[in-house]
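Hi,

Here is the structure I promised to pass on. Have a look at it first, and my notes on what turned up follow below.

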Amino acid sequence: MPMKTLSGAFAAVLIAGTATAALADDVKIGNLVDFTGATSTVSKPFSEGKAAAFDWINAHGGVNGKKIVYDTVDYSYQAPRAIAAYKRWVSEFGAVAIAGWGTADTEALVGFLAKDEMPYISGSYSAHLTDPTGKTSKAATPYNFFYNVSYSDGLRGMLQWALEDWKKKGGQGTPKYVHMGDNHPYPNAARKAGEEYAKELGFEVLPAIQYSLAPADFKAQCLTLKQSGANYAYLGNTAGSNISLLKSCETVGVEAQFMANIWGFDESAAEAAGTASNGVVWVVGAATWNDDEPGMKLVREIAGGDSYKPVHYTRGICTAFYLKEALEWADTNGGLTGPNIRQGFYQKTDWVPAGLDGICFPSTWTPEDHRGTVDMYVYQAAYNDGKFSMKRLAETKIERRPEGLGW
């Protein structure tokens, strides 16, 4: 069984099973989650997918016969706690890799990871983490990986959709675009890229509107949005905050088309927002529970049955399996060292983990480019007669421009 231990003063979360002593040949992984902080509503299903995948892997041979021992720490979305947990994983626990979470903490750890040669596959999809050489971004990120389209490319993809939507609706003149979110590394991660790409596509870019990651009454921000005349508004915060914003904007009669980032919307957010969720579009980075794909058989087996799982759950599974296969390559090619595990991520192109066909987008990481995939789905929510539904509107693929690396 995987080991989950309490981490000093932090509240560790036991996802499943009981703690057991690690053996010398176990594969130790630090597992960072937010179950009690500002991003808990979306971290929970993603983290549950990771944990279920690690448990399934252990029940089916582990990593070349070695058990994955993952130490789970709930850091409440507080970067100093994440840094402290990381230092313990390195100095005491003996982690060979980290399955991380948020943007502020992941970006804060970049220097430590490079120095320690510690592979880190995060739940943050900040494009700032995609430039391993540091040629085009503020810092080299040689040991940072993630499975998904970056926040920046996800926003670029939605802007492509928005331009087509504007044309289909017979929009007159220049469409207006506005970025919305807290003044925080996570919602800011895609801001510059989105505003620059919107200008390139011909949008008029309006001044950004700030609203907090913590849920609140956002009527003032919604009135500003309404008065701006924006046609398309990007929501950079996570789902909990966005629920409040959508409800506030419904109250004041905002008519802008909302576009949410990948963590900014999901099934539970739609149900909580009710009619305010009608029409919201958002990024989805893997197959959803009801998709008829070959790999869904394995997903349901990992999940332990047919009980519905949210859109974030399958990305958690993809994340765990990409790490697992990189670990396997390293184990048979010199051992589970940081540099070897890093090389494990470079061994395949258009890579889909075994058994997950149609679930995870084919991904390619290279020593020069850690944008694993540039593919994404655009989904739209509908809420009618007290029932939520969602439909896929488009699949977009962003051009992998060299100058787009790292931002």
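Before the details, one cut-off: a residue is called buried when its relative accessible area is under 20%. Please also keep in mind that this is a predicted model.

With that cut-off, Phe-46 and Trp-101 are both buried. Their rings form a tilted aromatic pair, 5.5 Å centre to centre with 40° between the planes. Phe-46 sits in helix 1 (residues 40-59), while Trp-101 is in the loop between strand 3 (97-99) and helix 3 (103-116), so the pair links parts of the chain that are distant, 55 residues apart.

There is another tilted pair to look at: Phe-145 and Tyr-346, because their ring centres are 6.1 Å apart and their planes are at 55°. Phe-145 belongs to strand 5 and Tyr-346 to the loop between helix 12 (338-344) and strand 12 (375-384), so this pair ties together parts that lie 201 residues apart in sequence. Phe-145 counts as buried at 1% relative accessibility, and Tyr-346 counts as buried too, at 13%.

The aromatic pairs come to 30 in total. Ring pairs also join Phe-46, Trp-101, Tyr-125, Phe-146, Tyr-151, Tyr-186 and Trp-263 into a cluster.

The charged end of Arg-392 sits over Tyr-377, 3.7 Å from the ring centre. Lys-192 lies over the face of Trp-407, at 5.5 Å from the centre of that ring.

The chain has 12 helices and 13 strands. Five of the strands make an open sheet with parallel pairing, in the order 2-1-3-4-5. Strand 2 (68-74) and strand 5 (144-145) are its edges, each pairing on one side only. Strand 1 (residues 27-33) runs parallel to strand 2, and the two pair over 7 bridges. In that pairing, Val-33 has Asp-74 of strand 2 as its bridge partner.

How does the whole chain look? A compact globule of 407 residues would have a radius of gyration near 22 Å, and the 20 Å of this chain agrees with that. The C-alpha atoms fill a box of roughly 65 × 45 × 40 Å along the principal axes. Of the 407 residues, 60% count as buried. Among contacts between residues at least 6 apart in sequence, 70% join residues at least 24 apart. The chain exposes about 15,100 Å², and carbon and sulfur atoms supply 50% of that.

Cheers

Definitions and conventions: Residues numbered from 1 in each chain as written. Predicted model: local features only at pLDDT ≥ 70, side-chain atom pairs only at ≥ 80, totals over all residues. Heavy atoms only, no water. Pairing = 2+ DSSP bridges. Helix = DSSP H or I, 4+ residues; strand = E, 2+ residues; numbered from the N terminus. Phe/Tyr/Trp six-rings, centres within 6.5 Å; stacked < 30°, edge-to-face > 60°. Buried < 20%, exposed > 50% of the residue type's maximum accessible area, 1.4 Å probe, protein only. Lys NZ or Arg CZ within 6 Å of the ring centre and 35° of its normal. Rg over C-alpha atoms; globule rule 2.2 N^0.38 Å. Contact = heavy atoms within 4.5 Å. Areas by Shrake-Rupley, 256 points an atom, 1.4 Å probe, with all protein chains shown as cover.
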